[in-house]
Amino acid sequence: MKKLVYLVFILLSSNMSFAQSTVQKDEEMLKSLIQDSFDEIWSNRDSKSIEKYYTKDFLLLENGAVWTNDSISYHLERNRSKKILSKRENTFDFVSIKVGKIMAWLAYQNYATITREDGSIRKIHWLESATAIRTDKGWKLQMLHSTRTKK
C-alpha cells in the first residue's frame with residue numbers, strides 16, 4: 001500500500017511540475033511576443049511584421065483611438081517616408097501574465113525612449129494590457145489596450 005501511495009504521489013508531482021514548466025515556457029514566449037512585436041513593428045516600422053505578431057482581427061485601443069492592422073500599416077508607412085527618422089528602444093516591466101489553454105492576457109508597463117537624429121530624446125510611458133491567442137503558428141496578439149501615463 002505504501003508503494004502505491006508513493007507511486008501516485010510521484011505521478012501527480014511529475015504532472016504538476018510539467019504543467020508549471022509549460023506555463024513558465026508560455027509566459028516567456030508571451031514576454032518575447034510583446035518585446036519582439038514592438039521592436040519589429042513599432043521600432044523598425046515594419047508593417048510586414050504585423051501578420052507575424054497580430055491576428056487578422058487585431059485591435060489596438062489607445063487613448064480613445066481604435067487602430068486596426070490597416071491603420072497601423074498606414075501609420076508606419078507614412079512615418080517611414082519622413083526625412084528625419086528616430087530610433088525607438090522599448091523596455092517592459094510585466095505586472096501580471098495569465099495563461100489559459102488557448103488564450104492569455106498580460107498587463108505591463110511599456111517604456112519607449114525615442115532618440116531623433118538631431119539628438120533630442122523623448123521618453124514615453126504607457127500602462128498596457130494585451131490578449132493573445134494560441135494559433136498553429138504560436139501565440140499572436142489579438143488586442144492591446146494602451147494608456148499613456150503622466151510624467
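Mentor: We take the fold, then the core, then a helix. This is a predicted model: local features need pLDDT of at least 70, side-chain atom pairs count only at pLDDT 80 or more, and totals for chains, interfaces and linings use all residues. Residues are numbered from 1 along each chain as its sequence is written, and side-chain values use heavy atoms, with hydrogens and water left out.

Trainee: In what order do the elements of the chain run?

Mentor: Helices (H or I, at least four residues) and strands (E, at least two) are DSSP runs, numbered from the N terminus. Here there are three helices and six strands. From the N terminus on, they run α-α-β-β-α-β-β-β-β.

Trainee: Which residues have the most contacts inside the largest nonpolar core?

Mentor: In soluble globular proteins, nonpolar side chains tend to be buried together. A nonpolar core is a set of buried Ala, Val, Leu, Ile, Met, Phe, Trp, Tyr and Cys residues joined through side-chain atoms within 4.5 Å. Buried means under 20% relative accessible area, exposed over 50%, partly exposed in between (1.4 Å probe, protein chains only). The largest core has 24 residues, and Ile-34, Tyr-54, Ile-72, Leu-141 and Leu-144 have the most contacts inside it. H1 gives the largest share, six residues.

Trainee: Which residues of H3 are buried?

Mentor: An α-helix has 3.6 residues a turn, so residues three or four places apart point the same way. In H3, the buried ones are Asn-69, Ile-72, Leu-76 and Asn-79. They lie on the same side of H3, because their arc around the axis (from the directions to the C-beta atoms) is only 100°. The face turned away carries exposed Asp-70 and Tyr-74.
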